[in-house]
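Subject: Structure handover

Hi,

Here is the structure we talked about. Please open it alongside this email and follow along as you read.

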Amino acid sequence: MIRTWTLFTILLLSPVFIFSQKQSDRLISKKDSLTPGMSTSIPFTLENSSGESKIYDITVTTSSPTISPILTQGEFQIAPNETSVYLVPLRVAAETAQGNYSVTLHIKDRNSAISFTKTAQVIVSGNRKLLLTALDTPEFVRAGETIRSTFLLKNNGNVTENLTLGSKNAVLDDDPFIILGPNESKVITIHKVTNPEIRQNEYQNLNLSVYAKDNPKENQDLYVSTQVIAVKPVENDIYHRLPVAVSLSFIGMQNMGVYNDGFQGEIYGKGTLDKDNKNQVEFHAVSHNPVEFNSFTQYEEYFINYKRENLFVHLGDKTYSSSFLTEFARYGRGAEVRYNFNRISVGGFYNRPRFFRDIKDEFNIYTALRIRKESELSVGYLYKDPRKNEMNFGDVRLDSHAHLPYAKGKFKISKNINLSGEFAYSTTQKTDGTAYLLQAEAIFEKFNGSLMYMKASPNFAGYFTNTNTFNGNIYYNITKKLSVFANYMQDARNFQRDTLLLAAPYRKNIQYGVQYKYLSNGFIILNNGYQTYKDRLEPRQFNYYERFFKVTINQQLGMFQVNVDGQFGKTDNYLTGFNGNSSFYSANVSFQKFRTSFNIFGSYAITSRYQLQNQKILYYGARIFSRFSDKTNLSLYYQNNYMPEEYFRDRNLVEVLFHQQLFPGNDLDLSGRYSLQRGEIGNKDFIFSMRYTWRPNIPVQKVAEYVTLSGNIQNLGIKKTEGVRLMLGSYLSITDKDGNFLFKNVIPGNYFLEIDRSTTEINNIPTLALPASVSLTNKENIFNFGLTTAANLKGHIQFTEKQDKDQSNLTDLLYKKDKKKKESIIVEAVSNDQTYRKICVVGEDFDFTYLRPGDWTVKVYRNGLDKRYKISTDKFQFTLKPAETKKLNIDVVKQQVEIKYQQESLTVGYNETKKKK
């Protein structure tokens, strides 16, 4: 209406321009875009420049059947020398696509029979609107069953949408790429197979995502939930149990040509002794090793420890430690106790070392004061009793009783800086000594670094003697992609290690460099450095000083993780006295496929580090780990050789590991290895093991009593209630002739009560929604319900048309067009505990079956029904009786089109005198 009055105002105020041939185009160009689903009017300017009145017969046509004139024919009378506006009323259908269209007047002079046409261009605006609605999803499924959910996707706009469907946690049943035209809808189904092995009831969320290719604002994301009922539920034990693993192994070893084998037993447990988890206990017992000890077998060990709030007690074997300087790590058999008094802790230990012959016994006591949450100051005293008349296996002989008081502390200066340190003093009958340690650590957003300096005097009788060492590193992020680093490392020279394992080489190196992250999944490192390696064992295999430059590239290429190194250096070989070049090239590729991880590596070296100058060495190998299932896995490893710097430890050349879970709590492990033992260069040994493990959970405290669930199934007009099978988790019960059921010896907890429909008539339905959630907390629990006959609902969607005689031609035309597409509505049936929805086509039948008798409400939704249609009644309420089939008719009516005729014509005149001038 506003546009029309604006147009009339323009015509009245500007009569001169009306005679211009371009006037019609100019007025049309000022028209707004037409909105789909609306009715509007298009003005045409008609001019009679003759001196007599004219009567025109007018017929209206459009370039698209979706844009229809409300009146296709009419007549128009215009006085002499007048210009008038002829309005053409149009209906633009909701499905009219965006674009340019034309409206044409076919005009015929009734007196002279002269015909001519006038055409106006109109624009239909774009309207983009996607609607995603959940149609149906099950409320419950049993574990192992498939959840199927349906969604309705409708294009309520007038632009054809190119859509991509996806789901984060389910599988699409349809093509993920669809094209949805204006006013077109599609039912989308997704499914997910549930895990039959779940041990507890849980909710599963299914998701459907819709992505519009060129219109991200219309992206849709919808979630639905279904509760999955465990068919193999975990037993909520009435006992609190302690996890324990009991193992028996058969081990065989070919060691330097001599074969030995035997059995080894082991028991390990760790957990709490009460349901409140206050009393924690751990114990371990391993019998004598039947073969030579190596890192792939266990050594004899026995211990037990107990912890409760502030108290800790340990009896048996462990690695005992008083402080870094006095006794950093000493494996032995003894006892330790510690107690915390709010901010003060006191404790101590007794230890008899098992693999260090210089010390017979050790005693330690200490106390610690917590200053703040992360700051602490400790003082202690360590006493060492030497073993007399024994060979010296250490670097320094402990000649008499040693007394070592010490003090140590750690302090959090700020949220970014930590300081720690220690000072120790030792005295024996012949010597005195001191040692100290300082450490600092700083962590900031772009910078982090640490420093450590330790010095022990020549006569210090602690873990370190006559040595000093310095270690430090810094790392700085210049940008998100570029960073620099530097580090310095120096090993301690003299320390009192256990004799069970050999000492690693003495190392001293410094390196600095830059790291650049050129991609989100790739970076390069360039660094320069100096390093010294010296063998501690005799005869020495290496002793060299080296200057080097190293390049490292790490890149993710699809499924492959690739790492490539190149190192170039000059070596001063102190063992042989010559100098030479040393170059190393290595590559490592790893990837995962078919539940299997693969790692392939290799390196090639031309080096002067060892016995020969420019010695060529090739190393290669691979590791494969395959998880065939959650119960079975296999690991394979091969490496042809190792660098001499690693010969102080046990090294695998070939390794095969197989694990199989026979049944819950029972495992079988098989292993076989060809290896180089520590200190060996070329002599290979073979070792194999077969291990069976049983994991019983030992009851230590009774935490609950068994409960019962009983009830009755009332017969509400069915044949019988005897023999109905009910399920409560893993418990089963069958009703007697009176419909009574009983679950005995049930563990308290939350369950779902289910009914096995195969044991009832096909049309029998419970009066309550099953599965039903029940919480069993009382000693005796009761749950009653009834069985009756299901009801049904059948209906028809009826199309009813009302029209006037004057509109018969128009209605016939619209009805013919409407037959080309099927209109649909959504019918929803709702009761207290049931909801069903269906998409139903107008003019067809629909039904809902297996409905619980009672009060029901049926609601009808338009689902994008054309605005010319009206649902007479969109809500029905009724009560269904057992075995009843309710019939329902839904009327969809075509609304009348009301056309109002203007009683007087609008005339625009002009001044003829001015025109003559």
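Three strands make up an open sheet, ordered β1-β5-β3, with antiparallel pairing. The edges are β1 (39–48) and β3 (67–69). Each has a single partner strand, so one side of each lacks a neighbour in the sheet. From one strand to the next, the twist averages 35°. Bear in mind throughout that this is a predicted model.

**The strand β5**

How many bridges join β1 to β5? Ten, and the two strands run antiparallel. Strand β5 covers residues 82–92. N48 has E82 in β5 as its bridge partner. T45 stands opposite V85 in β5.

On the β3 side, three bridges pair β3 with β5, again in the antiparallel sense. There, I67 has V92 in β5 as its bridge partner.

Is β5 enclosed or open? Nine of its eleven residues are buried, so β5 is largely enclosed by the rest of the structure.

**A five-stranded sheet**

Next, an open sheet of five strands. Its order is β9-β16-β15-β11-β13, and its pairing is mixed. Here β9 (140–142) and β13 (177–180) stand at the edges.

Within it, look at β11 (residues 161–166) and β15 (residues 202–212). They pair in the antiparallel sense over four bridges. T164 stands opposite Y211 in β15.

**Salt bridges**

The structure holds 32 salt bridges.

Take R333 and D317. Their closest N and O atoms are 2.6 Å apart, and the pair forms a salt bridge. It links distant parts of the chain: R333 sits in strand β22 (residues 330–341) and D317 in strand β21 (residues 311–320), 16 residues apart. How accessible are the two partners? R333 has 36% relative accessibility, so it counts as partly exposed. D317 has 1%, so it counts as buried.

D317 also forms a salt bridge with R354, the closest N and O atoms being 3.0 Å apart. R354 lies in the loop between β23 (344–353) and β24 (359–372), while D317 is in strand β21, so this pair ties together parts that are 37 residues apart in sequence.

Now go to D756 and R725. This salt bridge has its closest N and O atoms 2.4 Å apart. D756 lies in the loop between β48 (749–755) and β49 (764–766), and R725 in strand β45 (residues 725–728), so the pair ties together parts 31 residues apart in sequence. D756 counts as buried because its relative accessibility is 12%. R725 counts as partly exposed because its value is 33%.

Then the network. Salt bridges that share partners join E327, R330, K384 and D498 into one.

**A buried charge without a salt bridge**

D565 belongs to strand β35 (residues 560–573). D565 is buried, yet it has no salt bridge. Which side chain of opposite charge is nearest? That is K550, at 4.4 Å.

What does the side chain of D565 make a polar contact with? The partner is the side chain of T552, at 2.8 Å. Neighbours within four places in sequence aside, D565 is in contact with K550, V551, T552, F584, Y585 and S586.

**A buried serine**

Finally, S426, in strand β27 (residues 417–427). Its relative accessible area is 1%, so S426 is buried. What does its side chain reach? The backbone nitrogen of A461, at 3.0 Å. Not counting residues up to four places away in sequence, S426 touches H403, L404, T431, D432, G433, N459, F460 and A461.

**Where to look again**

View D317, which forms salt bridges with R333 and with R354. View β5, where nine of the eleven residues are buried.

Best wishes

Definitions and conventions
Residues are numbered from 1 along each chain as its sequence is written. This is a predicted model: local features need pLDDT of at least 70, side-chain atom pairs count only at pLDDT 80 or more; totals for chains, interfaces and linings use all residues. Side-chain values use heavy atoms; hydrogens and water are left out. A salt bridge is a side-chain nitrogen of Lys or Arg within 4 Å of a carboxyl oxygen of Asp or Glu. Buried means under 20% relative accessible area, exposed over 50%, partly exposed in between (1.4 Å probe, protein chains only). Two strands pair if DSSP finds at least two bridges between them. Axes are lines fitted to C-alpha atoms, for helices over the stretch in contact, and angles run from 0 to 180 degrees between N-to-C directions. Lys and Arg count as positive and Asp and Glu as negative; His and the chain ends are not counted. A polar contact is a pair of N or O atoms within 3.5 Å; within protein, one must be able to donate a hydrogen and the other to accept it, and residues adjacent in sequence count only if both atoms are side-chain atoms. Contact means heavy atoms within 4.5 Å.
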